[in-house]
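Okay, thanks everyone for coming. Let me put the structure up on the screen, and then we'll walk through it together.

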Amino acid sequence: MAERIAIVGVGQTHHKSKRPDVTTAELCAEAVERCLEDAGMQMKDIDHLVMGSFEVADGYYSPDKWIIPELGVVGKSGLEMQNVGTTGGVVAAASFNSAATGLFDAVLCLAWQKMDEAAGAFGRGGGGANEYWTGQFPMSPITNFARRTYAYMDRSGCTEEHIAIVRVKQDQCAMKNEYAQLRLGLTVEKVMQDVLLAWPIRRLHMCPTTAGAAACIVCPEEKAKKVTNKPVWVEDWLTCHQGGALTMAEDPTASTLRYACNVVYKRCGITNPLKEIQAWEVYEPASPAELRWIEEVGICEDYTAWKLFEQNKVGIDKEVPFNPSGGVTATNPIGATPVVRLVEAVLQVRGDAGEHQIQGKIERALATGYGGQGENVIMLLRKSL
Amino acid sequence: MSTEEKQEPEFIQFRYPRQVTYHHALGYQSKFANGLKQGRILATKCPVDGRCTIPPRIVCPFHHVRQTEWVDQGQRGRLISAFKINFPMFNSRTGELQNWENPIIAVELEGGARMDGWCAEMDPEKLKTGMLMEAVWRPEEERQGRADDILYWKPVEE
């Protein structure tokens, strides 16, 4: 029987486009220090570490060699993982798995990315994911979401202006989040006049390149109750990595998010997601992705989410409280991004999100990680047991 | 003046000037590669629901049953999606940044499998979902068993 587990502390860096003042390892230490302080714990209390970044976007191999000594955790048990954009998601899921075994008292979950060190090369593509199948195309998240959005607009009636409204809403949220990287004061006109990367994707629609790290500490129930008086329970979690096969063959707009959410909802008895989950931090690598993801998590019918934006129903303290932190188009330390979502969801449940806190009781929050061609990691949090 | 001047943080630049040639085994997908050399697009077919998939696979990703039947997908298909890149991106074959004039499209072939390709029509405004497209191949002697043996897809008048 698995242990019930809770997150007892969270920490993240103030995310920036460039951090020449720190090494990757020092950046990680910054997030870990904040996390330990938040939990009121010390490194000696941690007995297992799960860590990772998307190595291609950093330019380091075996980053544990550089980071473990910097954190002062030499000799502790641990795992290093990587999985493109979902890296932070699989790191979190593995830390949940580890804590749920009951083998450890406190598991440190750490993910990072220092994209300023690879000159944003990842966004400019290359077939490297699988040279035989994708090498003839300059594939990247930009082309992935150009393709998805073309099909979405074709099916839904959504226009470029609607997508610009989504981006403005994301920016309005980010403006209230001191940790967010891009806080721009955007208008619909400004978004629509921005540089076109691959129609209908403009530069402002894509997630930026970010230097940042995020961490949390996960404990089994007994330890969690000793450490903090406001544990955030991890009610359920799921990794779903059948992306290309499960979704794109059927529907070029789809990800595995719907499938993964349905599995988790069923296990947790959730029948009305919008009513039963009060805060959402869902990994949207491009602003139009937020439209499809709102549909896939079960908030509205397929190809109608753009109407919610047209009616100004999405945002902090609105009918659909989606990505109150500003989300991924404001901040994207790619390997760490799912853990940033998790940290933000924890803050919402605790009521500690500050200016971007959703008002009212947050009983449940859902955070996700996204990567590749539609893979997802679901992390469902709960305030009470 | 102090002997300890203020240190500004800095980036140190590195390049990776090495060339590595990888030799990736194609395994079961070798039949697909050989088909391309003959100007044929072959896909595996699921014995449970008859779905044809590219990339071909030994087992169906949905039903987890062995796929032994291969089906020629024909030379034509319907356009599913399209986009055109407006900024320099890396050419994976050369390692250089370059501009890309042709749209990239996804096509559902006559046999039901789907694949990506370059489009002959440069103006994305003229591309509509459901349009009939036809494969245009490299000359046989230039084919290497790779997906870019198909040079591009061109719209077919109906």
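So, before anything else, keep in mind that this is a predicted model.

Now look at β1 of chain A, residues 5–12, which pairs with β7 of chain A, residues 211–220, in the antiparallel sense over 7 bridges. If you want landmarks there, A:Gln12 stands opposite A:Ala214 in β7(A), and A:Ala6 has A:Cys219 in β7(A) as its bridge partner. β1(A) is also joined to β8(A), again antiparallel, by 2 bridges. On that side, A:Ile7 stands opposite A:Val232 in β8(A).

How many residues of β1(A) are buried? It's 8 of the 8, so β1(A) is largely enclosed by the rest of the structure.

What about the helices on this sheet?

Next, the core. The largest nonpolar core has 160 residues, and those touching the most other members are A:Cys28, A:Cys109, A:Leu110, A:Cys216, A:Ile217, A:Val339 and A:Val346. Which element gives the most to this core? That's helix α1 of chain A, residues 24–39, with 9 residues. Take A:Val346 as an example: leaving out residues up to four places away in sequence, A:Val346 touches A:Ile7, A:Val10, A:Cys216, A:Val232 and A:Leu381.

There's a helix pair in chain A I'd like you to see as well. Helix α3 (residues 87–100) and helix α14 (residues 337–350) of chain A pack with their axes 5 Å apart, at an angle of about 60°. α3(A) and α14(A) are therefore oblique to each other. From α3(A) you have A:Gly88, A:Gly89, A:Val91 and A:Ala92, and they meet A:Thr337, A:Pro338, A:Val339 and A:Leu342 in α14(A). By class, the residues of this contact are 5 nonpolar, 3 polar and no charged.

Okay, over to chain B. Here we have an open sheet of 5 strands, antiparallel, in the order β8-β7-β4-β9-β10. β8 (114–118) and β10 (150–155) of chain B are at the edges with a single partner strand each, so one side of each has no neighbour in the sheet. Direction ignored, neighbouring strands of this sheet are turned by 45° against each other on average.

Strand β7 of chain B, residues 104–109, pairs with β8(B) in the antiparallel sense over 5 bridges. There, B:Ile104 stands opposite B:Trp118 in β8(B). And here's a link to the other chain: helix α5 of chain A, residues 141–156, packs on this sheet, touching β4 (76–83) and β7 of chain B, at about 110° to the direction of β4(B).

While we're on β8 of chain B, find B:Arg114, which sits in that strand. Is B:Arg114 buried or exposed? Buried: a residue needs 20 or more other C-beta atoms within 10 Å to count as that, and B:Arg114 has 21. B:Arg114 and B:Gly39 are 75 residues apart in sequence, and their C-alpha atoms are 17 Å apart in space.

Last stop, the contact between the chains. In all, 32 residues of chain B are in contact with 29 residues of chain A. On the chain B side, β4, β5 (89–90), β7 and β8 each supply at least two residues. β4(B) gives the most to that side, with 4 residues. And by class, the side of chain B that touches chain A has 18 nonpolar, 7 polar and 7 charged residues.

That's the tour, so let's go to discussion.

Definitions and conventions: Residues numbered from 1 in each chain as written. Chains lettered and ligands numbered in written order. Predicted model: local features only at pLDDT ≥ 70, side-chain atom pairs only at ≥ 80, totals over all residues. Pairing = 2+ DSSP bridges. Axes fitted to C-alpha atoms, helices over the stretch in contact; angles between N-to-C directions. Contact = placed C-beta atoms within 7 Å. Nonpolar A, V, L, I, M, F, W, Y, C, P; charged D, E, K, R; others polar. Core = buried A, V, L, I, M, F, W, Y, C linked by C-beta atoms within 7 Å. Buried ≥ 20, exposed ≤ 12 C-beta atoms within 10 Å, placed from the backbone. Parallel < 35°, antiparallel > 145°, perpendicular 65-115°, else oblique.
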